[in-house]
Amino acid sequence: MSDPLLAVSRIAVSGLTSQSVRLRVIAENIANAHSTGMTAEAAPYRRKTVSFETVADPYVDGQGVRVSGIGYDKSPPIIRYDPGHPAADGSGYVKYPNVSPIVEMADMREAERSYEANLQVFRQVRELVSQTIDLLKG
């Protein structure tokens, strides 16, 4: 049996690490929301997605979470009529990334809330450890 505070800390840290990867991928998607190819034949940026999995932590009696992979959204690109664009095809249509800023912002808020929740758990554990040390001193 391991220390429950250590177990909780490690679980919270795994959540922090996983959500920070998710936030980085979301930021990359937003930054490339208008990245088209240089020619009509070139593919535009494709939205990236993050997959998670639970993992047993060998050091504590518990499970954590980790990023199991970063994949690509399989939805088709967005087609817009923009005949002046360098990547326009013969009909004047351009393939834009399959990134919706609204969806990305919603995902970002969810990831941010999860990150903050894990951070708060970690802070609470640190506070409990500090209070325990203070009790043992006095």
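Trainee: Let's start with Pro76: is this residue buried or exposed?

Mentor: Keep in mind that we're reading a predicted model. Exposed means over 50% relative accessible area. Pro76 has 59%, so this residue counts as exposed. You'll find Pro76 in the loop between E2 and strand E3 (78-81). Its C-alpha atom is 9.1 Å from that of Lys95, 19 residues apart along the chain.

Trainee: And how many bridges join strand E1 to strand E2?

Mentor: Look for the antiparallel pair: E1 (residues 48-57) and E2 (residues 62-72) are joined by 10 bridges. A hairpin of four residues takes you from E1 to E2. Asp57 has Gly62 as its bridge partner in E2.

Trainee: Which residue forms a salt bridge with Asp57?

Mentor: That's Arg10, with the closest N and O atoms 2.7 Å apart. Asp57 sits in strand E1 and Arg10 in helix H1 (residues 4-31), so the contact ties together parts 47 residues apart in sequence. Asp57 is buried at 15% relative accessible area, while Arg10 is partly exposed at 32%.

Trainee: How many salt bridges are there, then?

Mentor: The count comes to eight. Take Glu104 and Arg47, whose side chains meet at 2.4 Å, N to O. Glu104 belongs to helix H2 (residues 101-137) and Arg47 to the loop between H1 and E1, 57 residues apart. Glu104 is buried at 0% relative accessibility, and Arg47 is buried at 12%.

Trainee: What other partner does Arg47 form a salt bridge with?

Mentor: Asp107, at 2.9 Å between the closest N and O atoms. Asp107 is in helix H2, 60 residues from Arg47. Through shared partners, salt bridges join Arg47, Asp73, Glu104 and Asp107 into one network.

Note on methods
Residues are numbered from 1 along each chain as its sequence is written. This is a predicted model: local features need pLDDT of at least 70, side-chain atom pairs count only at pLDDT 80 or more; totals for chains, interfaces and linings use all residues. Side-chain values use heavy atoms; hydrogens and water are left out. Two strands pair if DSSP finds at least two bridges between them. Helices (H or I, at least four residues) and strands (E, at least two) are DSSP runs, numbered from the N terminus. Buried means under 20% relative accessible area, exposed over 50%, partly exposed in between (1.4 Å probe, protein chains only). A salt bridge is a side-chain nitrogen of Lys or Arg within 4 Å of a carboxyl oxygen of Asp or Glu.
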